[in-house]
Amino acid sequence: MKKDNNINFIFKSLNKKKITICLLLEAFLDFIYYFVPFAFTLFLTLPFTVEKALIVIAIFIISKTLRVVGNYLLRKYSDNYLYLYSRVQYQEYYKKLNKLPVEVISKYQTGYFENIIEKISELVRKILQAEYVSIIITFIFLFYTLYHQSTLLFISSFITSAFCVFLSIRILKKANKQVERLYDQEYEYSSLYNDFISNIRTVKLLNDSNYFVNKISKEGVKCYNENKKYVKYYSFEEALRNILIVVPFFLGLIKAAIDLGNGIDTLGIITFYITLQVEMGFVFEELSETIISWYELKAIKNKLLSIFKHLDNRKEIKTFKEIKLSNIIIQYPQSNLEIKADNIIIHENDKISITGQSGQGKTSIINLILGNINSYKGQVLIDNKSLCDVKLDIGTVSQEIELFNMSIKDNLCLDKKIANEEIIKYLKELELDEILLFEDGIHTIVGEKGLKLSTGQKRRINILRSYLMNKDIYILDEPTSNLDKHTEEIVVNFILKYFKNKTLIIATHNEKINEICNQFYKFENHQLKTNNTVEKS
């Protein structure tokens, strides 16, 4: 496994040109918006003549028109691009997830991975849509006006504002540590919640809704308590910010009022401060929310770094001549269990039988060959190349039957172009004629995890799907388990007919399947040993 700490899919797919256009449109709108109150300082002066009134009205009408047009362009351009970008984010994130070792994936509830990308997408949109130019322009107009009123006023207001920003960042930085604890607790909650949601049919069959509701409620309370601590930080920051932000305007208004009392015309300046102060509150709030978003995104990135610490970047091999396992020991420290395999050699077109009681280690050896186990002692070579550097493109018929919420045909073919007639022929051979009686036939949507189909139907579709993937090597992990005798015979005959020219590694006790094998291994006391006879069922 190659180490890969690069999780820059969050920003690397940004189109710099399009983002620049979005920022320029935003800057244009902000400039127009803040120019109006600033213009009041120039034209709302005594004596207030008709000419000045016409200029003020013209500025208002023109600015309003420009903002309508600018807002239309910004919404049309920016919203479409950010939506497209979020889709790209989802795709890049999925590619990363697809490279995660099974050992890592098994540590997390699958809904958690979905929650992460949704949160990332939300935060990135907030960060990219923040009115950075608005913040800069606001400060420029404010401090320009303060400077022209009084140098001392400018310095004191500047220090107060800088202190306000400094305190906000310090408080929000401390809040960031609480964010990570909150996210950890939210993971526990979402894992439990998504688990119950994805198994809602089982929940209903158990008919004990109070248990599940109480479990969700308890985890929800823990999240609420962690969120309260987080809210305490940023609510204090907001209160402090709102107090300090008034200071520059308060000082400016007092100075303007004093000047007005001394006969200096400051009506425009007073109007400017009153108009700008309302907007300044929103600006600082947006600045605070942007800082929060950055810190939250940082917390998520830290979580992603731990998840994506090692990605599976091994080269995939389609064909092979020899697989060799030597002195293998797979350890499970928590149970003090060791799975051992001294020497296994698999050649192209071999048919390997692995038998043994449940829990002895068949699944562990299968996962090792699949490349799903990274922590082991010994050596696995594929044509003299280490399993650490390469992995085989293996077709798998597993005991776990997972179908997608797509049509029967799409579940079977995936990206393969296969004629309907050919699919129907295979379905009939597997005695799945009843599927053809569905209203939409092979185009019937099977529902989440194939809930419209029986276990026997799903298992046969799973076997057919694996065959249609057309791999050179297959692992068949108890392909006939939990099937009645008649269905088992159908599956066995299909395997014997269509998989006979493939390299097969078979974990099964079915006598008829074992008869096609040329090498036999059996687990005893968690150790894989050569077995010279086909084990009878």
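1. In this predicted model, Glu 296 counts as buried, at 10% relative accessibility. The cut-off for buried is under 20% relative accessible area. Glu 296 forms a salt bridge with Lys 119, and the closest N and O atoms are 3.9 Å apart. Glu 296 sits in helix H10 (residues 267-307) and Lys 119 in helix H5 (residues 110-129), so the pair ties together parts that are 177 residues apart in sequence. Lys 119 is partly exposed, at 24% relative accessible area.

2. The count of salt bridges comes to 17. One of them joins Asp 312 and Arg 314, at 2.8 Å from N to O. Both Asp 312 and Arg 314 are buried.

3. Glu 338 and Lys 340 also form a salt bridge, with the closest N and O atoms 3.9 Å apart. Glu 338 is partly exposed at 31% relative accessibility. Lys 340 is partly exposed too, at 32%. Elsewhere, salt bridges with shared partners link Glu 316, Lys 318, Asp 393 and Lys 471 into one network.

4. Helices H2 (residues 16-43) and H3 pack at an angle of about 165°, their axes 9 Å apart. The two are therefore roughly antiparallel. Their crossing is left-handed.

5. Val 50 lies in H3 (residues 50-98). Val 50 is exposed, with a relative accessible area of 59%. Together with Leu 54, Ile 57, Phe 60 and Ile 61, Val 50 makes a nonpolar surface patch of about 520 Å².

6. Helix H11 (residues 362-370) has seven of its nine residues buried, so H11 is largely enclosed by the rest of the structure. Among the buried residues are Lys 362, Ser 364 and Ile 365. Just after H11, Gly 371 adopts a positive phi of about 85°.

Technical notes: Residues numbered from 1 in each chain as written. Predicted model: local features only at pLDDT ≥ 70, side-chain atom pairs only at ≥ 80, totals over all residues. Heavy atoms only, no water. Patch = residues over 30% accessible without salt bridge, like charges linked within 9 Å, V, L, I, M, F, W, Y side chains within 5 Å. Areas by Shrake-Rupley, 256 points an atom, 1.4 Å probe, with all protein chains shown as cover. Salt bridge = Lys/Arg side-chain N within 4 Å of Asp/Glu carboxyl O. Helix = DSSP H or I, 4+ residues; strand = E, 2+ residues; numbered from the N terminus. Buried < 20%, exposed > 50% of the residue type's maximum accessible area, 1.4 Å probe, protein only. Axes fitted to C-alpha atoms, helices over the stretch in contact; angles between N-to-C directions. Parallel < 35°, antiparallel > 145°, perpendicular 65-115°, else oblique. Left-handed = near helix turned anticlockwise from the far one by under 90°.
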